[in-house]
Every structure is written in structure tokens, then in C-alpha cells.
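The following paragraphs are meant to be read alongside the sequence and the three-dimensional view. They proceed from whole chains to single residues.

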Amino acid sequence: MNMPNSSTAPNANEYAGDEVSAIVLDPGYSTTRAGFAGEDVPKSVCPSFYGQIGDDGDSSRYFFGENSIHNPVGDLQIKNPWGSDGIVEDWDTATKIWEYAITSRLTGSKPTDPTKNGLNDANGDAMEVDVEALEQSEKPLEDSPLLMTEPGWNSTKAREKYIELAFEEWGTPAFYLHKTGALAAFASGKASGIVIDVGASHTSVTPVLDGMVLRKGVQKSPLAGNFVSNQIRLSFKQSSPEIPLTPHYLVASKTQVDAGAPAQASYKTFATPPTESFRRHEEERVLTEFKESVVELWPGPGRFSNGTNEEIAKNQPGRPFEMPDGWNQVFSSERFRVAEGLFDASAALTDADSPKPKDEWCIPRLVQQALTHVDADQRPLLLQNIVVTGGSTLLYKFNERLNYEINTIYPSTRNKLIAPGPVVERKYAAWIGGSILASLGSFHQLWISKKEYEEHGSNIVEKRCR
Amino acid sequence: MPAFKDDQIIVIEPGSETTLAQLGLAESLTPARLRVRSRMFPAEKEGEWEPYKIRRRADLSGKPTEGQNGTAEGDEAKKTAGGDDDEVVYEEDRVSEEGAVWPIQQGRITNWPCFFALITHVYNTLNPPFHTPILLIAQPSWTPREHEKLTQFFFEKFKTPAFGLMDAALATSWAYGVHTSTIVDVGKDKVDVTAISEFIPHITGRVTALDGCGGEALTEGLLAKLKSKKFTRAMCEQLKKSPICEILPPGVPVPGSGEVGDQETITNPASAASTGAPGSGAAAASGLGNVPRGPGIDTEVGDEANGDGEENEGVLDVASIVAGGKMSEYLAKKEKEKQDKALAKKKGAEAPKTDNRPVRLPNAKREKATFMYEDHALLDTLKNMNLGTKGMAEAHAALDEGPQKKPQEDQDGEPRSVVEANGNTELGPAISKTGHIRREIEVGAERFQAASNGVLERIADAIHRTISSVDEVNKRSELWESLVICGNGSRVRGFKEALLATLQSKYLISPSSATMFTSEIPSNISTPTGTGANTPQPQLGPHGGSSGVNPLLLAATTAQNPHMLPPGANPLMSSHNTHSSHGQTPTNIKFVKPPEYFPEWKDVGFDEAAFLGAQVAAKVLFVVDQGASKGYMTRPDYNDQGPTGIHDYGL
């Protein structure tokens, strides 16, 4: 049998960790992460986008999950429950998306399943196992404590909504709410640090001291992944001739064409063309690919617009990109420009619909702002632990540029970037931190139990989860 | 605990359509020995399940059927319920699927009691000794909680000494022996796409249970095309499994696609039959090789010729004729047809052979073809009519058009070789092949249009999404170059090739003309932005180091031409091109070659490779590894940790 030795993991019952099998839910603008505490990757990563057919009301149908929102069906609108301020706006749908994230890949038992499939009428109760399952599945989380993450600027109202959701809708026995910033720091093994999180809709800078988020210091800006996407769109539009952006679903088959030549693909026709929002969402896939394979940040020294930097960039080899319709081109210096706005607002491309971003939205300014709210003697400590997280930080040369910018602002301190190499850790840092936290035996005392919630009401979240 | 031996291991792979299982591993690994349709029938008592349809006969005419055991209907093992109580007679009908419950839908277990009953049935059929470890192949859509439930069931019901769960996609990659691959599992009603790198499945981006894309969707596709021709669903299902059904790659014209009208393109085989001369045109000529003699459209002779809609309608749906009491009329007609047919055959033989020989066109060129249809509905109808043995046999003989070489009269009791086709999954040894009533049916070009409802494109899109969601971008090109398409839904002829062609036409990134020749033209010209088409510039390959450019070639060219490196960019360059996240994929899309050292699998194909992989894994885990790397959970482990412990074990 398996004899324990120094290299084997401790037995599950030696520490209290795995017994509870808590679920960690980390909802974000682009994806919703969910998984069991104690694991190193979230098992369930679902898009936060959802499809809707029909207008709001009883007659509309909703579609969740990766499989259903990429289907070019007429009238399918793609929506997102998050508001522009980085706080959930559409609670009803957000609840459904999160529930889908948990039930589809983790628990499996949808609350409606036993009644809906109609198979149980004839079966009776011969199988003991099944009866138990039916009871459990009345509410999706009846036997799992739930740890949720929230953005640092979450409103009190939204926080209360979270806890109500967890206890009333999902019937969880215990709940805790934690800020993404602190959790991302935990994931890197830091109790103190400054967390720079560049996500899809927002960039945030969170100072964390001894595991506590300094709430005043939390800074956010809308310059993040979606901003870069829009910059790419603008860049395509402003280039002459205009670069066409055709998503995959419109193309039946493509033919190879010369660089810059118009595409010669055969296109598909639809009886009812998919909606504008669907098209936009599909275009986003192409832009993601573009970001992955073409976009690059000017790594310094100096900003991209400074002096001869642009000239140097032009002399570097360009990177080719092929659109789904076969159109292709080599992108030279413009691939640096589209992401430059993250660090230098004046370099951002603008047009009538997208005005120049504010200067204080740029990442260096956010860090500066955040640190002004921290005691001066704590700043060196935080600057030694600059945790970089979020999917958009995977932009090529992001870290080099960030390092350069920080060293320019704070030349006298020892600044150290902590950016985990594995992509998974970078993308899901907050979830991983939550997974670590919820599996700690000592975390048990922090849970808000159902009983406490019933006694004190949803307000308890303000007192207990700081 | 004594070590496990090869012959003690059970491997079970539940599927939506067929459940595969085997006790013991052979010296050379074989396809699953036990194949069971994944369905159970509700028993009379609630909550109990039977593996076969149980028909209840409480009729008075039950008497004459007494002596039928071992005769014509050998498949209908009879038993009397309640001892000698003659009034209620039950019989097992091993062919019928009326009222069956399929516990696995789209890979998910939707009816747990039924599923457990199915597994119990499989287990009992295998009849294993006590010291038997079990490896269960888990569908990707099963959740961790469901894994726990299964673990509990296996340990508590079967008291198995060791139990392991293995992901189906991972099992397939084991079978192919590749560490990094994209597994596309085309099932009955769903498709799973899994990217596996270094034997680890990417859970987060995998597409599980993409609905409306499996074999069922292909049947639906056929049905949609053929509904107007009075084809039933069952016919389409069997058509799909027959070798004449084929999926053509995009861009390949469907034969006779100019007009596939109901009447126009049909050359009348009746005229061919009566004159002995082939009709005109390739279609007619090719059709003559095996002139459709069955009750297919437009095959009547003489006064019952075309245009008689009512007749045509009735002809395909023989079951309703029989049920409607017109059987004797119909049989008479059939008899006539058979005689005509024999006549036609004779005449056909006299016809000049030069006409017949060269027109044996490949299926894809022929406009029409015929296939054998096993009419279960008709058989059911006959059974429900309670004909006596003799009546049954006669009807059977009259209606069956299966093999044509033997005399038609006295053969219905004999087992026949069934027209084995693309994916006839009904191979269970328990299910006898007799008793089917076969009819020949002709179809036109519709048989090439099973996937016309966008199935291939949806699967292609799912593959693209799956691979694009793999975080290690440098792995993507390798994933594109090692596609594995498995699952019985992909058995339809041409499916894999068509899918590959779809992928290539939609997603393949061709080398950009702007950078194609750059490594051959030493140049220090800096590129003007925007339209760099005609100003080639030095570069380390079109798509960065990771994507398809031979790194050795690259190194060789640049080493000999140091001036090729652009000025002032050297340090950046090197890091740039080794950076993983740059380079668009795919530049190459390929299938993985199936392994060649499994002779038993070669003939049947590797569509069920997951089972093979699981056998390999079972051998490694239970026999070689003996649990050292926690590949399976033992009973003591289970007693210690309970069902949730299963997550700590596995590959």
C-alpha cells in the first residue's frame, strides 16, 4: 500500500482542508471561474457572456456556456451582465451564469433536472443513491461552502446581493466574500504587496497590507483588454485602405491572397443574419488572436512616442497576421501603438466615439495614486512585491514595460515585479488565491454560516468580510 | 492484497449508444468483446429494469405459439411467468427497442437508476471473479460530483477491490500513443473536443457535449433531405450506416446536383428490366449493376408505374400496410415483383457485359445507390399481430429481400450475414441476427448531404475554439498537427476527410506573401508601414520560431547570413522569436496516424480507440504500476476517504 514518506502529500484527513470541499467562484467580465478549493486550476471556466433570443420578458430564451454562444443563429444577442463600472448590473442573469459555471462542470445536478427529465416518475425509490442525490440537488450548493471574489470597489449593495444569492438561491451552508486583489497576492504567496490586475474590462491597482486590502488605495480604470481591442479596431479603421475585420462564422472558405490584397473568400449567407452583438463578440475572437500573435508593447526605454523609438520599431521585422477571410498583412510599428494607450494616454488612437482616455487612467498613474494612500514607510515594502495578474498582462513585453515605468517613477526603491510564468497562474490568480485560502484549516473560523446569516441578515457581510 | 492479473481486469466504457466492456486483457489487445446497447427497459415492477424488451402475451391464441422455441424465431426466448400459469406469457424480444430508456444522453447520465441497472447488467454478463479491478472510462461531461457518485456505486454494489476512472479523451491519446493531441470524439448526439498536452487534458478550454453534432445529427440531416420521399427516421439511420452514405468534402459537387428532383432524374428501372437494356446516362448505367428491385420509389412495373402517389407512399411504409390488413394483397404484389426481378436478372445477364463492367463507378460519382434496410417496425408489427409460427415465417419469407443468392423460401430461420456497413454497432453476441426483415431501398444524391446542416462547420469551430483556449500558445501548432477523430459518429464514410478539408479551408494560415521569400533576399531595407507587400525584409521565418518553420533551417540560413539580421534589433530579436505567444496557428493541420501494432484493431478501425487506450492504461495501472502512482483507488482507500477520495487517484 501507499506508505507515507517525506515526499508524499499529507493525508487528506491530517489537515482539515479538503473535507469541506468548498467551492470557489471568481466571476469576471470575460470569464467566470469556478472550482473546488484545494485544486490548482479552476475546473470550470465559462464565458461571462450569454446569448439571448427575444427581448426581455418571459418569452426570451437564454443560452449559457461556450457551446451555445458561438452558434450563428438569427436573433441571438450576446450580452454581458457586468456594468461599465465593473460591478454586476444584471443580477438575474449573472446568477444564472454563475450557477451554470458551478453546475455544468462541478456539481452536475441542476436544480430542475430530476423534475424536468421526467424519468423519475416511473423509477420510484429503488436506488438509495439516487434518492439522496435528488434531495441534494434541490439547491445547487446545498453541501458546499462558497467563497466568492469581488472587485475591490464593489458597492455595499452589491456585496449584500452576493450573500443573499449564496444563501437564499443556492442554499450554501457557509459563505465568504474576498477581494480579488488580496487573493491574487495570496496566490503569489504574498501577504503584502501591490496588485496590478489588468483584466478585460478594468485595470485595477490594489495595495494589500498583511492580507488586508487598503480600500482607499484601490484604483481602477477602464484601460484594459477591451480597451486594447477597441484600439485595434480603430487602428484597422484608420489604416488606409481600411482593414476589414471578418469573423470566422461569415466565411465559408478562404483563398490565399497576396499581402494587403482584398480577400477572396466565399462567404456564408444566413436567412436571418446574426445580430450585431453576436458579430462583435465573434470579432473579439479574432482580435484576441491578433493580440496573442501580433500586438507588442514597446518595452522601453522611453515611451513609444519618444524620440526615435517609433523609427526603431519600424525597423524591426513586422509580424504577419491573416484574417479569417484570408486577408493578410505584415504589421510593423502599428502593432506597438495599439497597446501603448495602457501606459501613455496621449498615444492612444482616438476618433469621435472613443475620446482620448484620461491621463490618470494609465497604469503608472494608477500605481502612483494607489501608493499615495499608503503610509510612506510602507511603500518600499509594497514596491518589493508588485504582483502582476490578469489576462491582459500576457500582452507581449508587458512586464518589461511595466518594470521600466515603475523604475522611472520610483528610482530609489527596490522594485520587484512578481509575475508568475505559467499562464494559468497569471490568468486565474484570484481564483487560485481563493482556492488556497478556502482549503486552509484555519480559514474555517472565517466562514459566515447560514445560521449567522439568518440571525443578522445580509448586512453581516460588511462586518465580517473586509 | 495480491497483485492483479491481466485476466482479472474489467474495462467498461459507457456511451450514449453503445456500452463496451471486457473482462480480462488478451495478449494482443482486442476490440471490446462485450457490446451492449446502452438502454434498459422498465420492468413491470417500478424501479426495476430489464435488459431486453419484455412482451406480455395474455392472449388466448398463445397456445399455437407454444412450439416455436428453437424454430423460426430463435431469438425469442420465452419464459412463462409465475410457474405454470399459462395465461400470462412473457417473451424476451431481443431486437425490439420499443419503450427503451437510454440513460446516457449526450454523454451525460440523465437517468441514474437506469444507468446503474445497465452497468449491473454489463457486470453480470461479464460474470467476473471476486478479485477484479474495474477501470471505467469517464465521459468528459461527467462532473466531479458524478465521479464520486460512480465511485460509491462501484465500491458498494460490486465490492470491487480497486476502481479507477479514466477520461475518455485521455484514453484515446493513450491508444494512439501520442502525448500531445487534439481529440475529437464524435458521439451519438454530441461532440467532445479535448486538447491534451503531455498527457494532461486541458480542462478549462475543452468543449464538452457540443450538441447537435454527432451521428444523430447526421441522421437528422438525411431525414430532412429525404422526408419528402417518405423516408422514415429508421431508414435514414440505416442509410447512414450503409456504405453508400458518404460525406463529401466541401467543394466536391454532389453527383447529379444539377437537379435532384423527385421524378426527373429517375430513370425507370422497370423499363430497363423489361427490355434488358440499360437506361441512358451514367446514373442508370451504374444503377443496373444492382437494379433496385425492392419497393423503392419508382420500381413498380406495368400499370403500377410512376405517378401513383398512393402506392408509392404505401410501399415504403410496409408496416402500416401489414397492420392495415392489406397484407395478402401486398404479398401477392411482392411475389410478382420477385418473379419480375428474376426475369430481369436473367435478361440482365444476357445484356452485353461491356455495358455493365466499366460503369462500376465509385460511390461518390454515382447518383443513386441502394442499401439494405432492416425493417424493425415491420417486424414489430408482425409480432404484435400474433401470427402463428407458420404465418410469421411465411410473412417473413415473403417480405425479406435480404440475401438474394439463396432460394427465398425456406431460409428464414438461418442466421444470415448482415450487410456490414459503416457503423453497425449492434454486434452484441447476445443479439442474434435472425429475424430481421430486409428490404432494398434506393436513394439519390441526398445520401451525400447528411452533413449539410452545418455539422462539420460547428465541429471545426469547436476545434478552433478548443485549441485557441490552450494557454500555452507554443503548444497550439503541435495540437493542430495531431488531430484524432474518433467516436462512432465519425464512421460515416468521408466524415473525417471532409472535416479535415473544412478545417483547412477555413482556418489554415498560409504563409504570408509579404514574408515568404524574405529569408532568400538579403536586405537591409526598412519597411514602410502599412503596405509592406512589396518591400520584403529579413525575418526569422514567417510566423516566429514556434510555428512550423524548421528551426534548424532557420538557424542555418541566419548563421550564414549575419547581415540578414536587422540592425539594432539583435537582442530583441532573439527573445522575440523564442517568445511563445507569437505566431498564428494553424499553419498545418494533420491527423495522427493510428498505431500499427494492434492487429485486431486494424480491421475494425480506431473509432473506439478510447477502449483500446483504457486497456493499455488498465494494464499499466493495475498490473505494472500496482497502484504505486495512485492510478486507482483501492477498497481500503475508499473505506478511509469515502467517495470524494476518488479525485486523488487517477492519471
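The model is a predicted one, in which local features need pLDDT of at least 70 and side-chain atom pairs count only at pLDDT 80 or more, whereas totals for chains, interfaces and linings use all residues. Residues are numbered from 1 along each chain as its sequence is written, chains are lettered from A and ligands numbered from 1 in the order in which they are written, and side-chain values use heavy atoms, with hydrogens and water left out.

Buried means under 20% relative accessible area, exposed means over 50%, and partly exposed lies in between, with a 1.4 Å probe and protein chains only. Among contacts (heavy atoms within 4.5 Å) between residues at least 6 apart in the sequence of chain A, 67% join residues at least 24 apart.

Chain B can be described in the same terms. Its secondary structure comes to 21 helices and 20 strands, and 57% of its 651 residues count as buried. For contacts in chain B between residues at least 6 apart in sequence, the share joining residues at least 24 apart is 71%. The accessible surface of chain B comes to about 26300 Å², with 54% belonging to carbon and sulfur atoms.

The interior may be considered next. In soluble globular proteins, nonpolar side chains tend to be buried together. A nonpolar core is here a set of buried Ala, Val, Leu, Ile, Met, Phe, Trp, Tyr and Cys residues joined through side-chain atoms within 4.5 Å. The largest such core has 50 residues, and those with the most contacts inside it are Trp98(A), Leu146(A), Tyr162(A) and Phe175(A). Helix H2 of chain A, residues 91-107, gives the most to this core, with 7 residues. Beyond four places in sequence, the residues that Trp98(A) touches include Leu25(A), Trp82(A), Met148(A), Tyr162(A) and Trp170(A). Apart from this core lies another, of 48 residues, among them Val198(A), Val286(A), Phe398(A) and Leu402(A).

Two polar residues of chain A are also buried. Thr389(A) belongs to strand S17, residues 386-389, and has a relative accessible area of 4%, so it counts as buried. A polar atom of its side chain lies 2.9 Å from the backbone oxygen of Arg426(A). Beyond four places in sequence, Thr389(A) is in contact with residues including Val195(A), Asp197(A), Val198(A) and Ala429(A). Asn415(A) lies in the loop between helix H14 (398-409) and strand S18 (417-418) of chain A, and it is buried at 15% relative accessible area. The side chain of Asn415(A) makes polar contacts with the side chains of Asn407(A), at 2.8 Å, and Thr413(A), at 2.6 Å. A polar contact is a pair of N or O atoms within 3.5 Å; within protein, one must be able to donate a hydrogen and the other to accept it, and residues adjacent in sequence count only if both atoms are side-chain atoms.

Aromatic rings form a further theme. The whole structure holds 42 aromatic pairs over all chains. Rings of Phe, Tyr and Trp (its six-membered ring) pair if their centres lie within 6.5 Å; planes under 30 degrees apart count as stacked, over 60 as edge-to-face and the rest as tilted. The rings of Phe64(A) and Tyr100(A) have centres 6.2 Å apart and planes at 40°, so this pair is tilted. It links distant parts of the chain, 36 residues apart, with Tyr100(A) in helix H2. Phe64(A) counts as buried at 18% relative accessibility, whereas Tyr100(A) is partly exposed at 25%. In chain B, the rings of Phe155(B) and Phe163(B) have centres 6.0 Å apart and planes at 75°, so they are edge-to-face. Both residues are buried, and both belong to one aromatic cluster that also includes Trp112(B) and Tyr638(B).

Key:
Helices (H or I, at least four residues) and strands (E, at least two) are DSSP runs, numbered from the N terminus. Accessible areas come from the Shrake-Rupley method with a 1.4 Å probe; for residues, only the protein chains shown count as cover.
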